[in-house]
Amino acid sequence: MNKTKIISFPDLQKAAKRQLKNIPDIREANKLASKRLKEYLAGKSYCLFTSGCQANVRDSEIIKAYLDNLNMKQIEDVNTASLILFNTCAIRENAETKIYGELGHLKPLALNDKDKIIGICGCMAQEEKPITYIKEKFPFVRLIFGTHNIDDIYSLLDEVIFNDERLIDVPSIEGSVVENYPSTRFEKYKAFVNIMYGCDNFCTYCIVPYTRGRQRSRSIESVVNEVISLKEQGYKEVTLLGQNVNAYGVDLKDENITFAKLLEEVAKTGIERVRFTTSHPAYFTLDVFDVMAKYPNIMKALHLPLQSGSDNILLRMNRHYTNEKYLYLVDELRKRIPDIYLTTDIIVGFPNETDEDFEKTIELCNKVKFDNAFTFIYSKRDGTPAAKMQDKISDKTKSERFSILQQTIDKYATINAQNMVNKTVEVLFDGVSKRDKNMISGYDNYFHLVHVKANPSIIGKILKVKIVSSHTYSLIGEICD
Ligand code: 5AD
Ligand code: SF4
């Protein structure tokens, strides 16, 4: 068996520490690979599996660039891959259980081929319990690194391969702003652009502030330059990414650097479409709505996580807003952009959520009439404050609430989608529909998924489409002349 070398082991307590008085460090990404590593890996293949949010997808694009730059080839077949890497999510327990399942399947393959490198990175790697478990139960996992040291991938692979080691290197740190990563993009016309990393909110249910470090904003200049370069390469849409985009710039301690300002500067680049995610109601300032209303290239969509409609639960979630504040924001937004496409995230079954708390969530959904929502049953995350809260609510009650909530969301999604029929939208066509090869799909200037019967030559174009029929979560249209 390989020897296990632990350079650093995940530590959630340490990860929670923050020096908010200082502005974040900025550093250049490491890009140097040893000659022997280049020679050894050139021509070999790898599998890269990604779970979780857009931040993880963006990290995987960076990891792919590192591996492609060694002349490795990405494939789907785990049997023939020399390297199998899981970029993991930690947000709910089921994301982690799935990874254990995948590792279990790979066991015979790993035991058969001692040169195969199986690795874990991403948010789950930042948690001590899962990594202790993987270290013990899956000794064939030879490389574990975290979200802060993606750019050490070459030196880590070098050690694993040439020192025949199992390596764990997961720094639990505040993190830096890393610039000039090598990069590929999984999509041809749409790109994710990180505007900030980490999170300082500490919602009591959430693991992210521990797995991704303190909030660190990139400069407006770096973000704008990346968008200009994407535009020059032919990208039509950017999505600005951050765990809490409304707090963008707070860490830079310069009151002129705000999300509204950044959004405006990005819109001014003239890229055809701008989106952003995720917003936080507590930090939202109305100037963002003004910028959204002013620039036609900012899409008419907002994802505004609610989490709960009950003030009592919001307080215990450490969300720093009330039901009333949420409704006020929606009101102000609809005053400026009446047809905004509004989506949200809602958790049911937070510890000791009462029937009254849950009803308040449903009442709020009835008032707002969301176009779509991601709904979740609360999942206990070790190391977070909510994990220590008492919970007397049965799993059965939680499932019942979950299905009532989902029915409510589906109801308004269906009605709102029906209201789109006969309207004209603009769709950026991405590709052939997964369900029907004769249909081409894309997202409109809101965030509806639209399918039209057309020739694949329209892929990559933004075209006017008249909506002819609707489903709950997609629309069917015809291209206008
Ligand atoms: N349990 C259930 N859902 C969660 N989310 C975050 N943490 C948890 C958890 N412990 C949800 C929130 C967040 C979305 C990305 O995931 O709704 O907005
Ligand atoms: Fe993204 Fe959060 Fe999952 Fe990490 S834990 S991948 S930040 S959703």
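User: Where in the secondary structure is Q307 found?

Analyst: This is a predicted model, in which local features need pLDDT of at least 70, side-chain atom pairs count only at pLDDT 80 or more, and totals for chains, interfaces and linings use all residues. Residues are numbered from 1 along each chain as its sequence is written, chains are lettered from A and ligands numbered from 1 in the order in which they are written, and side-chain values use heavy atoms, without hydrogens or water. Helices (H or I, at least four residues) and strands (E, at least two) are DSSP runs, numbered from the N terminus. Q307 sits in the loop between β15 and α11.

User: Is Q307 buried or exposed?

Analyst: Buried means under 20% relative accessible area, exposed means over 50%, and partly exposed lies in between (1.4 Å probe, protein chains only). Q307 has a relative accessible area of 7%, so it counts as buried.

User: How far is an oxygen atom of ligand 1 from an N or O atom in the side chain of D345?

Analyst: A polar contact is a pair of N or O atoms within 3.5 Å; within protein, one must be able to donate a hydrogen and the other to accept it, and residues adjacent in sequence count only if both atoms are side-chain atoms. A polar side-chain atom of R92 lies 3.0 Å from a ligand 1 oxygen. For the side chain of Q307, the distance to a ligand oxygen is 2.6 Å. For D345, the distance is 2.6 Å.

User: What share of the area of ligand 1 does the protein bury?

Analyst: Accessible areas come from the Shrake-Rupley method with a 1.4 Å probe; for residues, only the protein chains shown count as cover. Taken alone, ligand 1 exposes 410 Å². The protein buries 86% of that.

User: Which strands each supply at least two residues of the shell around ligand 1?

Analyst: The residues around the ligand (a heavy atom within 4 Å) include D345, I347, F376 and I377. The strands in question span 341–348 and 372–377. They are β16 and β17.

User: Is L304 buried or exposed?

Analyst: L304 lies in the loop between β15 (301–303) and α11 (311–316). Its contacts (heavy atoms within 4.5 Å) beyond four places in sequence include P281, F284, Y326 and L342. Its relative accessible area is 0%, so L304 is buried.

User: How far apart in space are the C-alpha atoms of L304 and P281?

Analyst: In sequence, L304 and P281 are 23 residues apart. In space, the C-alpha to C-alpha distance is 6.7 Å.

User: Which helix holds N323?

Analyst: N323 has 16% relative accessibility, so it counts as buried. Beyond four places in sequence, its contacts are G309, D311, L314, K360 and L364. The helix covers residues 323–336 and is α12.

User: What is the radius of gyration of the protein chain?

Analyst: The radius is taken over C-alpha atoms, and the globule rule is 2.2 Å times the number of residues to the power 0.38. With 481 residues, a compact globule would come to near 23 Å, so the chain agrees with the rule at 23 Å.
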